[in-house]
Amino acid sequence: MSKRYQHQQGLIAQFISENRGPLLVTPALAVLVLMNIFPLLWSFGLSFFKYRANRLNEPEFVWFKNYIKILNDPNVWDRFQTTALVVSIDVLLQLIVGFLLALLFQSQFPGRRVLLMLVLTPMMLSFVAVGAFFRYYYEPTFGLLSQAVKAITGERYILLATPEGALAGVIFADVWMWSPFVMLLVLAGLVSVPKHLYEAAEIDRTSAWRRFWTITFPYIRGLLLLAILFRTIEAFKLFDLAWIITEGGPGTSTETIAIYVYRVAFQYFKTSESAALGYILLFAVIVLTNLYLFFVRKRAAEEDA
Amino acid sequence: MARRREIGKAGWRRTAVMAVISFIYFFPVLWIILTAFKSHTDALATPPKFLFTPTLENFVGVFSRTYQRGGEAIDTKFDLFFFNSIFIAGTSVLIALIIGTLAAYAFSRWPLKGNDLYMFIILTTRMLPPIIVIIPIFLMFRVTGLSGSYVGIILLYTAFNLPFTIWMMKSFFDEIPTEVEDAARVDGSSETKIFFKICLPQVKAGIAATAVFGLILTWNEYLFALLLTGIDTRTVPVAMASTIGGDIGVRWGLLAAIETLFLIPVVLVTFLLQNQLLRGVTFGTIKR
């Protein structure tokens, strides 16, 4: 073995030991850059052009025209309103149902683990499968819901035929699917409440209401906030479930912003416009994610203290 | 003793109440599983049938049924779609697990300059609406010819799984104390040995949980698969969704059978995962 070869080997070893972190991270970052960062930059660029993916025309640089067009488009504002409505009702109901479930599952009883798993299952299922369930249950003639209503009122009932009904149908399915998520976080908070605080409260004969707000609530506040943020981010992206159950209908009453972007991009093929719209969404998600991580870190710091 | 027995009795009463509540909550899943065992007429019966003669015809139908569309008999091809789902999810999760674990180890043990920023960007790529990424990827795949190929969708799903894997695995690495590693380092063990012999064995359960969660997330994914798989690489969710919109009327019994086959692995695995569920559904950001 030549001296020069040994020297080279030494240099490589030194390089590896000095750059261990960056080297280990490189493969993962390379995949992410290729499949996420690069596409994002591409669509950022695209959002300043006029381009349709189903035409052969060369992209034409149009500055902020796409953004201006979108922000002045009443359709976009209408979809944003629909999304805001869905997100707020959806997350609120998930909080209520999830919270109630957590209170029910708070205490120990035989068979708790198995029953808990039954309730937690919905959130692990695919949106497509859950969407298909509920389409079957909302089916006008032989759906369970339609039959139940018909048995009571004696009239044929089509939930998805009215805008309100369709919204309720989509939200119900999403609440059913994701309330367990809130339950799981609240349960984690409830477990962390020190038992001796309850014992002390019992000696002081504190009312249950007061006990909840002064002892329990401070321990679950942090996780509750995280649950709200996490569910808001996810509900904001709601696509699959609404797409399977209503396809945005009737009319555009359940067309969330995610479905709208999909239509603009892949049905109307206004590629660059959809990219611009996508960037507005991206901005909202980045703000929410930042907020979420801020509270995650805050909670971790409090736990360590 | 008397007191304990009292609690026991109250406990069982509570179990009964909770069992009713849980089964009501679980009912939508249960009813689909029951529907899967009904004949076509039973599935469409009004009023709904709670008692019926179970049949396996739907399950047989999933894999063998051919139907008429414009006169020509077409195979449902669900054997292929199930294979695709397993193959694509398995491969992409495996790749993501290998490179993601390495990266997570580095993020945990050799923090880079701006470590938190990297972690934030990585999480953001997972949180952002998939529709934003898919527009350029769709164009990219069209140019490179990856559209409809296994390579394309596996590559995409690897990227889809990576942020989740990195955050999960970092949270597991962060949990194990570094004393043993440091001692081994003082004794002159190589870094490779420390990683494989000391660190990895301690996060075995974490790797398993991460893998299973990744498999479920990928198995369930719809939008990417809808736009980027071709007829031969189609996954079950896409095929399932297309049976709903079909022009021959929905065969609910058949659809229920597909769903049942599709859901059973997920339900079983959820039972195994229960202790890691919180961490998994929050992408490793909340441990307990």
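**Exercise 1.** Determine which ring A:R231 lies over, and at what distance from the ring centre.

*Solution.* The criterion is that NZ of Lys or CZ of Arg is within 6 Å of the ring centre and within 35 degrees of the ring normal. A:R231 is placed over the face of A:F181, 5.4 Å from the ring centre. In chain B, the charged end of B:R279 sits over the ring of B:F172, at 3.9 Å from its centre. This is a predicted model, in which local features need pLDDT of at least 70 and side-chain atom pairs count only at pLDDT 80 or more. Side-chain values use heavy atoms, and residues are numbered from 1 along each chain.

**Exercise 2.** Classify the ring pair A:F212 and A:W213, and state whether each residue is buried, partly exposed or exposed.

*Solution.* Rings of Phe, Tyr and Trp (its six-membered ring) pair if their centres lie within 6.5 Å; planes under 30 degrees apart count as stacked, over 60 as edge-to-face and the rest as tilted. The search finds 49 aromatic pairs over all chains. For A:F212 and A:W213, the centres are 5.2 Å apart and the planes stand at 80°, so the pair is edge-to-face. Buried denotes under 20% relative accessible area, exposed over 50%, and partly exposed in between (1.4 Å probe, protein chains only). A:F212, at 18%, is therefore buried, while A:W213, at 40%, is partly exposed.

**Exercise 3.** Classify the ring pair B:W219 and B:F262.

*Solution.* The centres of B:W219 and B:F262 lie 4.8 Å apart with planes at 10°, so this pair is stacked. Both B:W219 and B:F262 are buried.

Notes
Chains are lettered from A and ligands numbered from 1 in the order in which they are written.
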